[in-house]
Amino acid sequence: MTTPETAIAVDHVTAMAAKLRRGVRLFTSVGDQPRARRATDVLLLTTSLVGILMIGLIAVPEPGYSRAIGDFMAALPSALLGMWQLLADLPILWSLLVLGAAFIRGRRTIARDMLLALVVGATLWLALARIVNGSWPDLDVLLNDVAPPPVFPAARLAIPTALIITASPHLVRPARRVGYLVIALGAVAAVALGA
């Protein structure tokens, strides 16, 4: 004889199995539906750009607290080097995964926005690196900047972050949280690697 609690548990397990058969849901909307941006998005973008520019302007000469953090990270065991390099690569991997999923799932507008964020992010990175460092950065630094001497901002973190932030309003909440966590871990790894 089946009790009501057992029936509810069976229904819950059946629903979970159906979700697993359909695949992991990454995007909040179904297909390419019209999107609307909030006014807070513009405010957040403006605040972020001003904040990055301000940090860039005070980055040279390097403040004392920055040197102290760098010294602390350098004092960590060298056995952690592989972990730091993996964490530094996570933002790139996550942004490529989301971009690939956007193409595969037919989310052309999200994929287009992410590709535009790639171009704008790379352009802003070049301009900000020019302002902060006083010269144009070498383009080989774009993909291989997880080693000293540091280039501000670190392209390996800045450009994937632009892609992740661009896609985040269209992702389900757990995927958004993963994106933010990946950005934070990538930032810590960049500091630990001296980038």
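Author: A helix is here a DSSP run of H or I with at least four residues, and helices are numbered from the N terminus. In this predicted model, Ser95 belongs to helix α4, which spans residues 81–104.

The chain around this helix comes next. The protein chain has seven helices and zero strands, so that from the N terminus on its elements read α-α-α-α-α-α-α. Of its 195 residues, 29% are buried. Among contacts with a separation of 6 or more, 72% join residues 24 or more positions apart. The chain exposes about 12700 Å², and carbon and sulfur atoms supply 71% of that area.

Is Ser95 buried or exposed? Its relative accessible area is 4%, and because buried means under 20%, Ser95 counts as buried. A polar atom of the Ser95 side chain lies 2.9 Å from the backbone oxygen of Ile92. Leaving aside residues up to four places away in sequence, Ser95 touches Met114, Pro160, Leu163 and Ile164.

Ser95 also takes part in the packing of two helices. The axes of α4 and helix α5 (residues 108–133) come within 7 Å and cross at roughly 145°, and this crossing is left-handed. On the α4 side, the contact is made by Ser95, Val98, Leu99, Ala102 and Phe103; α5 contributes Arg108, Ile110, Ala111, Met114 and Leu115. By class, the residues of this contact are eight nonpolar, one polar and one charged.

Note on methods: Residues are numbered from 1 along each chain as its sequence is written. This is a predicted model: local features need pLDDT of at least 70, side-chain atom pairs count only at pLDDT 80 or more; totals for chains, interfaces and linings use all residues. Side-chain values use heavy atoms; hydrogens and water are left out. Buried means under 20% relative accessible area, exposed over 50%, partly exposed in between (1.4 Å probe, protein chains only). A polar contact is a pair of N or O atoms within 3.5 Å; within protein, one must be able to donate a hydrogen and the other to accept it, and residues adjacent in sequence count only if both atoms are side-chain atoms. Contact means heavy atoms within 4.5 Å. Accessible areas come from the Shrake-Rupley method with a 1.4 Å probe; for residues, only the protein chains shown count as cover. Axes are lines fitted to C-alpha atoms, for helices over the stretch in contact, and angles run from 0 to 180 degrees between N-to-C directions. A crossing is left-handed if the near helix is turned anticlockwise from the far one by less than a right angle, and right-handed if clockwise. Ala, Val, Leu, Ile, Met, Phe, Trp, Tyr, Cys and Pro count as nonpolar, Asp, Glu, Lys and Arg as charged, and the others, Gly among them, as polar.
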